[in-house]
Every structure is written in structure tokens, then in C-alpha cells.
Amino acid sequence: MLRRILACCLFLAAVIVPLAHEGRAFAGEPGPAPRGKVIVAATRQFPRNGEGSFLKLAGGKLVYFFGAWPTTSDSARETCIAKVVSADGGDSWSQPAVVLKEPGQDLYHPCAVRTGDGAVGLAYTKRRSGTKVAEKVFRRSRDEGATWSGETTISDGAWKHYITGAHDRLVRL
């Protein structure tokens with residue numbers, strides 16, 4: 001087992017690291033090496049931000065919808081869906097803005113998708129605060145996320161406990 005671990009480490013050191021220094025993200029692929037960036041930093045109001053979804057808006061801007069948590073715990077109450085927007089391809093981002101918030105409800109794990117008619121679709125988990133009773137719901141926006149339709153439940157209600165669709169797994173057929 002130790003030999004396998006050493007072999008993997010040697011492979012990483014011999015192949016992956018030199019490729020990164022050459023500016024290639026993967027073997028044989030040209031392009032810049034991946035770079036890290038904090039898009040939404042933790043704040044006192046929302047110390048946990050993430051588990052979200054990216055979408056390109058009609059005008060070319062990028063939007064990142066994410067769960068904004070008032071604590072770092074999974075049992076946080078009244079989490080909400082927030083967003084940040086980039087007009088320069090992700091080099092800089094706007095300040096976070098709350099998109100959806102409901103008293104007594106936890107909203108998180110958003111997943112954005114462009115619908116067949118060009119609207120922005122947003123699915124997310126909705127849980128009664130302080131419980132494990134949750135469902136997946138869907139809303140649509142015909143104005144690139146400025147306003148949203150009423151919600152439509154898309155889970156069947158058969159599962160009476162915590163449910164998640166985990167961000168970025170909504171597929172348009």
C-alpha cells in the first residue's frame with residue numbers, strides 16, 4: 001500500500017506539477033493553469049456561502065446563485081438564496097444580494113438552468129426551519145433573475161425527510 005501511495009506522489013510530482021508550470025490545466029490541453037478565487041467571502045451575517053450554481057445571462061454577464069447561511073451549521077435557520085454577478089468573465093464580482101428569502105423557511109442548494117423558452121429556471125431545496133421536512137421547488141424568471149414566478153413543487157412529497165438536489169444537477173431535456 002505504501003508503494004502505491006509513493007507511486008502516486010511521484011506521478012503527481014513528475015507530471016502534474018510541470019504541466020501546471022507550463023500553463024496547461026490537463027495533460028495535452030493548452031491553456032492557462034487553473035486559478036483560485038474567493039467569489040463570496042464569509043461575513044458575520046452569512047458565515048457560510050456556497051453550494052451554488054453558475055449561469056451565463058443573456059447580456060454575457062455571469063451570475064452565481066448560492067445558499068447564504070446565517071451560521072456554519074447544517075441546522076441553520078432561515079437560510080436564503082443570494083447571488084453575485086460578474087460583468088468581466090469572473091475576474092470581479094458584485095456584492096452579494098439576497099434573491100429569495102422566506103420567514104420560517106430554509107432555502108438552499110440552488111441550481112440554475114436556461115429553459116427552452118429562454119427564461120432562467122431556478123430549482124432549490126426548501127425546508128421548514130428547525131425540521132428535516134424539505135422539498136425541491138422551481139421558479140422561473142423571464143427578466144434574467146430580476147423577478148421570479150411563484151414556486152412549483154417538483155419533488156413528489158413521498159420522502160418526508162431532508163431532501164437535496166445538490167446544486168448544478170438540474171438538466172434541461
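First, the ground rules. This is a predicted model, where local features need pLDDT of at least 70, side-chain atom pairs count only at pLDDT 80 or more, and totals for chains, interfaces and linings use all residues. Residues are numbered from 1 along each chain as its sequence is written, and side-chain values use heavy atoms, with hydrogens and water left out.

Start with the sheet. It is open, with 4 strands in the order β5-β6-β7-β8 and antiparallel pairing. Strands here are DSSP runs of E, at least two residues, numbered from the N terminus. Two strands pair if DSSP finds at least two bridges between them. At the edges sit β5 (105-114) and β8 (152-153), each pairing on one side only. Between β7 and β8 there are 2 bridges, in the antiparallel sense. Look for phenylalanine 138: it stands opposite threonine 152 in β8.

Now stay in β7, residues 134-141, and find lysine 136. Which side chain of opposite charge is nearest to lysine 136? It is glutamate 51, 9.8 Å away. Lys and Arg count as positive, Asp and Glu as negative; His and the chain ends are not counted. So there is no salt bridge, by the definition of a Lys or Arg side-chain nitrogen within 4 Å of an Asp or Glu carboxyl oxygen. Yet lysine 136 is buried. Buried means under 20% relative accessible area, exposed over 50%, partly exposed in between, with a 1.4 Å probe and protein chains only. The lysine 136 side chain does make a polar contact, at 3.2 Å, with the side chain of threonine 125. That term needs N or O atoms within 3.5 Å, one able to donate a hydrogen and the other to accept it; residues adjacent in sequence count only if both atoms are side-chain atoms.

Next, the cores. A nonpolar core joins buried Ala, Val, Leu, Ile, Met, Phe, Trp, Tyr and Cys residues through side-chain atoms within 4.5 Å. The largest has 14 residues; among those touching the most other members are Phe65, Leu100 and Trp148. Two or more residues each come from β2 (62-69), β4 (97-100), β5 and β6 (120-128). β6 gives the most, with 3 residues. Apart from this core lies another, of 9 residues, including Phe46 and Val84.

Last stop: aspartate 74, in the loop between β2 and β3 (80-86). Buried or exposed? Aspartate 74 counts as exposed, because its relative accessibility is 52%. Beyond neighbours within four places in sequence, aspartate 74 is in contact (heavy atoms within 4.5 Å) with Arg48, Trp69 and Arg127.
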